[in-house]
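Here's a quick briefing to read alongside the model. Have the viewer open and click along as you go.

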Amino acid sequence: MKQFTNKSLNSFRRVSLITVIAVYLLILIGGIVRSSGSGMGCPDWPKCFGNVIPPTNVDQLPENYQEIYLNKRLAKNERFVATLEKLGFKEKAKEIANDKSILIEEEFNPVKTWIEYLNRLAGVVIGLLIILTLWKSYPLRKYDRVIPILSVFNLVLVVFIGWIGSIVVSTNLLHWMITFHMMLALLLVSLLLYVYHRSGKLIQAKGVKMDVPRRIELVLMIGTILMLIQIVLGTQVREQIDIISASLGDMLRNEWVGRIGLEFLIHRSFSIVLLGIHILYFFWAFKYTLRRSQVNLWSQALMILIILEIATGIGMAHFGIPAFLQPIHLLLGSLIIGVQVILLLEIRENIQFRLNTN
């Protein structure tokens, strides 16, 4: 068992942790793509303008390149619409088929093209890391079969996320598809964190377990659900910003927030509710957990992230939605979900330990 712990397990945990960090970096890069308006920098997928390495000048493209890639996207959308209809999502299929915004084809912009291209390269790296994680999980099958099974599922999930990313491009950044793509990324992070935490149980437990009341777990679960809702609300605000930005030609940024309307008011008010729930959680966590325990330290990290998330939201609202704050705001929200998942796993482990020893 000692050889297994020191080599196979530690190797798996290192790769798993690197993969989690890489996914968060990809989320940050995705935020940069969105804030810079580079989502359609490459009109096709997985290649970029039909090449493994994208062009740097419009002269490298045929004169009718916009028509060429529009027709390719439309053909892909027809297949996607047919798939949705077969699965029973006829309303969504009809919505996509009749969406005129999909017909808009952007002009070539080398900066936006290469930003999107780097985003895709980062996605390839994630895929390779997921494959490496699966390979490293194989020796663990004798000790915990769930870990290799979940590693296989993560590989399937990352392939599905890549396919959804291609649909996001073919539908010309259809808003609800972007939201769905983001939720899948958060699911991937959560599963990777769970696998990493579960693999840690194969090491002899260290430290003192605490008698954590169930209400701490309950209030944190509520906070996690509210945070997911807040992220969805944030994507709706972002959708409105995209529409306003396009109508104003990316000018008059100071007026954008004032034109959003009800979506922004709901998103802002919801942050107050979210803060209140987590203050209650932090009070209980600080009261019932040992200082410098994993739960206590991660709880402090959670509160710092929530404060920073609210601060960046205030900064965007009062300073004309600076482009550099948008990906930071998105990353902080994703990190909050990750920390909440870690805390839920740690608290559940403490509760389970208490039940088993009573």
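A cavity here is a set of points, on a 1 Å grid over the protein atoms alone, where a 1.4 Å probe fits but cannot get out. Grid points are joined across faces, edges and corners, and a volume is the space filled by probe spheres set on the points. By that rule the structure holds 1 cavity of 30 Å³ or more.

Before the rest, some ground rules. This is a predicted model, where local features need pLDDT of at least 70 and side-chain atom pairs count only at pLDDT 80 or more, while totals for chains, interfaces and linings use all residues. Residues are numbered from 1 along each chain as its sequence is written, and side-chain values use heavy atoms, with hydrogens and water left out.

**The cavity**

- The largest cavity has a volume of about 70 Å³.
- Its lining (residues with an atom within 4 Å of a point) is made up of Met40, Gly41, Pro43, Phe49, Glu105, Glu106, Glu107, Phe108, Asn109, Lys112 and Thr113.
- Sorted by type, that lining gives 4 nonpolar, 3 polar and 4 charged residues. Here Ala, Val, Leu, Ile, Met, Phe, Trp, Tyr, Cys and Pro count as nonpolar, Asp, Glu, Lys and Arg as charged, and the others, Gly among them, as polar.

- Some background first: most residues other than glycine have a negative phi, and most peptide bonds are trans.
- Phe49, one of the cavity-lining residues, has a positive phi near 55° without being a glycine. You'll find Phe49 in the loop between α1 and α2; helices here are DSSP runs (H or I, at least four residues), numbered from the N terminus.
- Phe49 counts as buried because its relative accessibility is 5%. The cut-offs are under 20% relative accessible area for buried, over 50% for exposed, and partly exposed in between (1.4 Å probe, protein chains only).
- The loop between α1 and α2 (65-86) also holds Pro46, and the peptide bond from Trp45 to Pro46 is cis, with omega near 5°.
- Ile321 is another non-glycine with a positive phi, of about 50°. Ile321 sits in the loop between α10 (294-318) and α11, and it counts as buried because its relative accessibility is 3%.

**Salt bridges**

- As a general point, side chains of opposite charge can pair when their charged atoms come close.
- A salt bridge needs a side-chain nitrogen of Lys or Arg within 4 Å of a carboxyl oxygen of Asp or Glu, and the structure holds 6 of them.
- Arg198 and Asp144 form one, with their closest N and O atoms 2.6 Å apart. This pair ties together distant parts of the chain, 54 residues apart: Arg198 is in helix α6, and Asp144 is in the loop between α4 (110-137) and α5.
- Glu217 is buried, with a relative accessible area of 9%, whereas Arg214 is partly exposed, with 42%.
- Arg348 meets Glu217 as well, at 2.8 Å from N to O. That link spans 131 residues, from Arg348 in helix α11 (residues 325-357) to Glu217 in helix α7.
- Through shared partners, Arg214, Glu217 and Arg348 end up in one salt-bridge network. Arg348 counts as partly exposed, since its relative accessibility is 31%.

- Leu173 is in the loop between α5 (146-170) and α6 (175-200). Its relative accessibility of 25% makes Leu173 partly exposed.
- Thr224 belongs to helix α7 (residues 214-247) and, at 10% relative accessibility, counts as buried.
- From Thr224 to Asn64 it's 48 Å, C-alpha to C-alpha, and 160 residues in sequence.

Note on methods:
1 Å grid on protein atoms, 1.4 Å probe; cavity = no way out; pocket = protein on both sides within 12 Å on 5 of 7 lines; lining within 4 Å. Helix = DSSP H or I, 4+ residues; strand = E, 2+ residues; numbered from the N terminus.
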